[in-house]
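Subject: Structure for you to look at

Hello,

Here is the structure I said I would pass on. Please open it next to this email and find each part as you read.

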Amino acid sequence: MLKDWLFHKERIIFSCFDSSSGVEIAVTDMRLIFYKDGLLSESLEAYNLGQIAGYRIKAAKKAIYIIAGILMMIFSLFMIVMVAEGVIKASREAGLILVIISGMIMMIGLMIAILGAMAYHALEIIAGGTIVKKSLRISKGELEELAKNLSHTLTPMIS
């Protein structure tokens with residue numbers, strides 16, 4: 001439990017849970033903490049606020065997923081057109097199976113492209129001379145609250 005890892009008289013100012021990675025993000029009066037509770041072990045990544053030189057929160061999209069999804073949709077559409085036009089010689093049953101499989105591939109490609117288009121946020125922290133990047137999938141309200149609580153003690157980087 002995160003509270004077991006707090007220092008004496010340290011208090012949590014803000015906390016939220018990133019459901020995609022299973023990490024609890026907490027801003028205390030002393031540290032920025034990334035805590036993950038697993039079945040067999042716990043992991044804790046903490047950065048003292050005094051050691052953090054700056055931070056940046058930016059929206060990002062996974063372009064590789066968008067590209068892969070679009071390519072899958074184009075390939076499957078190409079296959080459907082080739083079967084329909086008779087370029088691929090197949091019996092009626094085999095042609096129907098090819099069209100069904102191509103349609104399924106098209107739907108998977110569409111889902112992958114949508115997944116890539118969904119924005120996630122990246123938190124970049126400069127701590128100890130190194131840049132630490134964390135991807136965040138939290139609500140916009142939680143993101144604004146995290147930025148507000150970090151800005152009380154830190155200076156955001158201008159990008």
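Below is what was found in it, taken one region at a time.

Please keep in mind that this is a predicted model.

Begin with the open sheet, which has four strands in the order 1-2-3-4 with antiparallel pairing. Its edge strands are strand 1 (12-18) and strand 4 (42-48), and each of these pairs on one side only. From one strand to the next, the twist averages 15°.

Strand 3 (residues 31-37) pairs with strand 4 in the antiparallel sense, over seven bridges. To find this pairing on the screen, look for Y35, which stands opposite L44 in strand 4.

Helix 3 (residues 140-151) lies across strand 1, strand 2 (23-28) and strand 3. Helix 3 runs at about 145° to strand 1.

The salt bridges

How many salt bridges does a search of the whole structure find? The search finds five. Three of them are described here.

The side chains of R31 and E10 meet in a salt bridge, at 2.9 Å from N to O. R31 is in strand 3 and E10 is in the segment before strand 1, so the pair links distant parts of the chain, 21 residues apart. R31 has a relative accessible area of 5%, and because buried means under 20%, R31 is buried. E10 counts as buried too, at 8% relative accessibility.

In another salt bridge, the side chains of K134 and E45 meet at 2.6 Å, N to O. K134 lies in strand 7 (residues 130-136) and E45 in strand 4, so this pair ties together parts that are 89 residues apart in sequence. Are K134 and E45 buried or partly exposed? K134 counts as buried, at 19% relative accessibility, whereas E45 is partly exposed, with a relative accessible area of 31%.

The side chains of K58 and E124 also meet in a salt bridge, at 3.2 Å from N to O. This pair links distant parts of the chain as well: K58 is in strand 5 (residues 52-60) and E124 in strand 6, 66 residues apart. K58 counts as partly exposed, at 38% relative accessibility, while E124 is buried, with a relative accessible area of 6%.

H121 in strand 6

Strand 6 (residues 120-127) also holds H121. H121 has 19% relative accessibility and counts as buried, because the cut-off for buried is under 20%. Which residues is H121 in contact with, leaving aside its neighbours within four places in sequence? They are I57, K58, A59, K134, S135, L136 and L143.

Now turn to the surface. A nonpolar patch there is formed by I64, Y65, M107, I108, L110, M111, I114, L115 and M118. Together these residues have about 860 Å² of accessible area.

Where does the patch come from? Helix 1 (63-85) and helix 2 (92-117) each supply at least two of its residues. The largest share, six residues, comes from helix 2. L110, one of the residues of the patch, is found in helix 2. L110 is partly exposed, with a relative accessible area of 35%.

M106 also has its place in helix 2. At 24% relative accessibility, M106 counts as partly exposed, because the range for that label lies between 20% and 50%. Not counting residues up to four places away in sequence, M106 touches M73, S76, L77 and I80. M106 and M73 are 33 residues apart along the chain, and their C-alpha atoms are separated by 4.5 Å.

- Start at strand 3, and follow its pairing with strand 4.
- Go on to R31 in strand 3 and its partner E10.
- Move to strand 6 and pick out H121.
- Finish at helix 2, with L110 and M106.

Regards

Notes. Residues numbered from 1 in each chain as written. Predicted model: local features only at pLDDT ≥ 70, side-chain atom pairs only at ≥ 80, totals over all residues. Heavy atoms only, no water. Pairing = 2+ DSSP bridges. Axes fitted to C-alpha atoms, helices over the stretch in contact; angles between N-to-C directions. Contact = heavy atoms within 4.5 Å. Buried < 20%, exposed > 50% of the residue type's maximum accessible area, 1.4 Å probe, protein only. Patch = residues over 30% accessible without salt bridge, like charges linked within 9 Å, V, L, I, M, F, W, Y side chains within 5 Å. Areas by Shrake-Rupley, 256 points an atom, 1.4 Å probe, with all protein chains shown as cover. Salt bridge = Lys/Arg side-chain N within 4 Å of Asp/Glu carboxyl O.
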